[in-house]
Amino acid sequence: AKAGANVLGNAPSPPTSPVTDAPTASPSFGPSAFPTAETTSSPTVSVKDCPSYTVKEDCNVVSGCSWRTGNGGACKDALSTQECSAFDGMKRKCKRKGCVWKNLKKLCKGRWD
């Protein structure tokens, strides 16, 4: 028998799959009938009364607030990127002041800028 031919000598036919709603083992490249939901970032709270937040995780989601360490830590008004840039190259001080450290560039940025 020739390579690629079946036992009867005919050319092989392409495999066919029945159409079902069941998931497949391989990905499809066409549009989906059931699109997935977009991912969203953590919610931010718009009411700014920074000193009223006593937990770091609650403070850091409030727009304009930032948790600062020292004396047990406190939620305060966030510094701007311009203010935080004074701590470029100083990771520990940057983070203690409530700024965000950009490790690859060794830069200190404001939390909400």
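Of the 113 residues of the chain, 17% count as buried. Buried here means under 20% relative accessible area, exposed means over 50%, and partly exposed lies in between (1.4 Å probe, protein chains only). The model is predicted: local features need pLDDT of at least 70, side-chain atom pairs count only at pLDDT 80 or more, and totals for chains, interfaces and linings use all residues. Residues are numbered from 1 along each chain as its sequence is written, and side-chain values use heavy atoms, with hydrogens and water left out.

The chain exposes about 9,300 Å². Carbon and sulfur atoms supply 55% of that area. Accessible areas come from the Shrake-Rupley method with a 1.4 Å probe; for residues, only the protein chains shown count as cover. Among contacts between residues at least 6 apart in sequence, 30% join residues at least 24 apart.

Three helices and four strands make up the secondary structure of the chain. Both are DSSP runs, numbered from the N terminus: helices are H or I with at least four residues, strands E with at least two. Read from the N terminus, the order is α-β-β-α-α-β-β.

The structure holds four disulfides. A disulfide is taken as a pair of cysteine sulfur atoms within 2.5 Å. With the bonded cysteines numbered in sequence order, the pairing is 1-3, 2-4, 5-7, 6-8.

One of these links joins C59 and C75, with sulfur atoms 2.1 Å apart. The link is right-handed, with 80 degrees about the S-S bond. The pair connects distant parts of the chain, 16 residues apart. C59 sits in helix α1 (residues 56-59), and C75 in strand β2 (residues 74-77). Both C59 and C75 are buried.

A disulfide also forms between C84 and C99, where the sulfur atoms are 1.9 Å apart. Its torsion about the S-S bond is -75 degrees, and the link is left-handed. C84 belongs to helix α2 (residues 81-84), whereas C99 lies in the loop between α3 (91-96) and β3 (100-102). These distant parts of the chain are 15 residues apart. C84 counts as buried because its relative accessibility is 0%. C99 has 4% relative accessibility and therefore also counts as buried.

C94 is joined to C108, with an S to S distance of 2.1 Å. The torsion about this S-S bond is about 95 degrees, so the disulfide is right-handed. C94 lies in helix α3 and C108 in strand β4 (residues 107-109), so the pair ties together parts that are 14 residues apart in sequence. C94 is at 0% relative accessibility and so counts as buried. C108 is buried as well, with a relative accessible area of 2%.

Backbone geometry picks out two loop residues. N71 has a positive phi of about 55 degrees, although it is not a glycine. N71 is placed in the loop between β1 (65-68) and β2. With a relative accessible area of 86%, N71 is exposed. K106, also not a glycine, has a positive phi of about 60 degrees. The loop between β3 and β4 holds K106. K106 is partly exposed, its relative accessible area being 45%.

Key: Contact means heavy atoms within 4.5 Å.
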